Amino acid sequence: MRALRFGLIGCLAFLAAFILGAASGDAATVVALGASNTYGKGVARNQAYPAQLESILRAKGLNVRIVNAGINGDTTEGMLQRLDRAVPNGTRAVILQPGGNDRRKGRPDRTADIQSRLSARGITVIMLANGMLGGLPHQPDGVHLTPEGYHMLAEQLASQVSGAIGR
């Protein structure tokens, strides 16, 4: 009888894992594309806004996966060059954070080209302008957000992302 009970528990655990695995496979994919404030420079990966945004949305019952495609120091030209690799087919939305590296490095702003290519693929673009970072808590460098600042940003983005993925 005891062996039967453990066998039944094992089967139920396997079934639950299978169902949860299947559900996560159906998750709506959102890509956070940008530079250091998308990557989360100066904080742990789970403290960057994409990870915090995913946690917030999942806590609200949404089946979503936020992919962090931020690279420190990236320019919009770099984002454009890696766009097809960074944003897989089936992506529902992209949070685009161009950052200030174009201006700092004297490079052309390719934001419109990125938006155009994503729109042509039927992907919703959510712009994360640098102005959205202004009143949030920053690290001592004055450029990058603190974990609290990234959380506040994630809270601000949550309704836009849930609208973009259809809930």
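Modeller: Let's start with asparagine 37, which counts as buried because its relative accessibility is 6%. Buried means under 20% relative accessible area, exposed means over 50%, and partly exposed is in between, with a 1.4 Å probe and protein chains only. One caution: this is a predicted model, so local features need pLDDT of at least 70 and side-chain atom pairs count only at pLDDT 80 or more, while totals for chains, interfaces and linings use all residues. Residues are numbered from 1 along each chain as its sequence is written, and side-chain values use heavy atoms, with hydrogens and water left out.

Colleague: Where is asparagine 37 found?

Modeller: In helix α2, residues 36-39. Helices here are DSSP runs of H or I with at least four residues, strands are runs of E with at least two, and both are numbered from the N terminus.

Colleague: And which residues is asparagine 37 in contact with, leaving aside its neighbours within four places in sequence?

Modeller: Contact means heavy atoms within 4.5 Å. For asparagine 37 that gives Tyr49, Gln97, Leu133, Val143, His144, Leu145 and Tyr150. The side chain of asparagine 37 also reaches the backbone oxygen of valine 143, at 3.0 Å.

Colleague: On to charges. How many salt bridges are there?

Modeller: The rule is a side-chain nitrogen of Lys or Arg within 4 Å of a carboxyl oxygen of Asp or Glu. By that rule the count is six. One of them joins the side chains of glutamate 77 and arginine 110, at 2.4 Å from N to O. Glutamate 77 sits in helix α4 (76-81) and arginine 110 in the loop between α6 (101-105) and α7 (111-120), so this pair ties together parts 33 residues apart in sequence.

Colleague: What does aspartate 84 pair with?

Modeller: Its side chain meets arginine 121 in a salt bridge at 3.5 Å, N to O. Aspartate 84 lies in helix α5 and arginine 121 in the loop between α7 and β4 (124-127), so parts 37 residues apart are tied together. Aspartate 84 also forms a salt bridge with arginine 117, at 3.1 Å, N to O.

Notes: Polar contact = N/O pair within 3.5 Å; in protein donor to acceptor, adjacent residues only side chain to side chain.
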